[in-house]
Amino acid sequence: MIRPAIPEDRGAIVAFCRTTWGGENSDYIERVIDDWLTRDDGALAVAAIDGRAVGCAHVRLLSPHEAFVAGMRVHPAHRRSGLSVALTDYCLRYAADHGRSTARVIIGWNNAAALGAIARAGFRRVASMTLWERAVEPAAPAGGGGDGHPRPPRPLGTLWAVGWMVRELTDADIDERLRSGWALARDGGLALLRPSDEHLWLAWLAGPAPAQAALARAATARAGALGLPRCRALLASDAATERALEASAFARGLEYHVWERKLE
């Protein structure tokens with residue numbers, strides 16, 4: 001049975017997620033489940049057997065036309081029984097019923113089982129994004145806002161990271177980041193930032209290569225000024241951005257594939 005999660009499912013979900021990636025408490029689900037259970041812009045679905053949750057998935061409504069599916073987990077004893085397909089279908093129906101026309105997921109390039117399952121669910125791969133990270137030291141605040149140079153172009157359909165979720169970037173997003181002080185502009189380049197409790201996200205980076213490198217360094221300075229221990233970036237995989245981040249002492253992490261499905 002696939003149904004919306006209830007608070008009483010929390011213990012069972014946390015228990016079967018704790019060793020998802022091999023080590024105890026290695027999964028992020030325990031850190032976000034309380035938020036997922038109470039949000040009004042999405043749904044946490046569970047697969048239940050005899051009333052007990054043995055699988056879960058979360059769908060978030062990210063924009064008036066986009067949804068994002070994450071946290072697909074199934075108890076080891078119930079894998080390969082069709083539960084992930086049923087959970088995906090539930091999440092896609094929820095998104096469509098709420099007027100969304102596009103759903104996306106991101107999956108590590110090395111997660112063969114999940115990649116195969118999402119392809120069978122009718123998703124197609126549309127982009128790749130790479131995780132980057134740099135530890136920072138306390139520093140003076142980096143400047144924000146515009147510097148008088150033109151913005152770099154934003155190609156239609158550009159994707160950006162909103163935490164661990166992905167959606168289309170709009171001019172309104174760029175304007176909001178600039179107004180709120182969470183953007184850095186330099187020499188025709190632009191960086192959009194998003195703070196979290198544990199790090200500063202470098203969520204979008206564009207412009208000439210030297211400007212990108214300078215902005216990546218400025219982002220780490222901003223993280224240090226905020227007292228955050230690290231700066232992270234989840235950015236589209238392209239050669240110019242990769243060179244800029246390497247030149248700014250960011251360490252390359254896992255590559256993720258972005259998959260998309262149109263909804264009816």
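Strand β6 (residues 124-135) is joined to β13 by 8 bridges, and the two run antiparallel. Helices (H or I, at least four residues) and strands (E, at least two) are DSSP runs, numbered from the N terminus. Two strands pair if DSSP finds at least two bridges between them. The model is predicted, so local features need pLDDT of at least 70 and side-chain atom pairs count only at pLDDT 80 or more, while totals for chains, interfaces and linings use all residues. Residues are numbered from 1 along each chain as its sequence is written, and side-chain values use heavy atoms, with hydrogens and water left out.

β4 and β5 pair in the parallel sense over 3 bridges. Glu 66 has Thr 102 in β5 as its bridge partner.

Helix α3 (residues 83-97) has 15 residues. From first C-alpha to last it reaches 21 Å, close to the 21 Å expected at 1.5 Å a residue; the expected span is 1.5 Å times one less than the number of residues. Its buried residues are Leu 83, Leu 87, Thr 88, Tyr 90, Cys 91, Leu 92, Tyr 94 and Ala 95. Buried means under 20% relative accessible area, exposed over 50%, partly exposed in between (1.4 Å probe, protein chains only). Their cover includes β2 (42-49), β3 (52-61) and β4 (66-74). Just after α3, Gly 99 takes a positive phi of about 80 degrees.

The largest nonpolar core holds 26 residues. Such a core is a set of buried Ala, Val, Leu, Ile, Met, Phe, Trp, Tyr and Cys residues joined through side-chain atoms within 4.5 Å. Among the residues touching the most other members are Val 59, Leu 92, Ile 118 and Trp 259. The largest share of this core, 7 residues, comes from α3. Ile 118 touches Val 105, Ile 107, Phe 123 and Trp 259, not counting residues up to four places away in sequence. A second, separate core of 20 residues includes Ala 223, Leu 228, Cys 231 and Phe 250.

His 58 lies in strand β3. At a relative accessible area of 2%, His 58 is buried. Its contacts include Trp 36, Phe 68 and Cys 91, with residues up to four places away in sequence not counted.

The whole structure has 0 disulfides, a disulfide being a pair of cysteine sulfur atoms within 2.5 Å. For Cys 56, the nearest cysteine sulfur, that of Cys 17, is 4.4 Å away. For Cys 91, the nearest is that of Cys 56, at 9.4 Å. Cys 91 is buried, with a relative accessible area of 0%.

Note on methods. Contact = heavy atoms within 4.5 Å.
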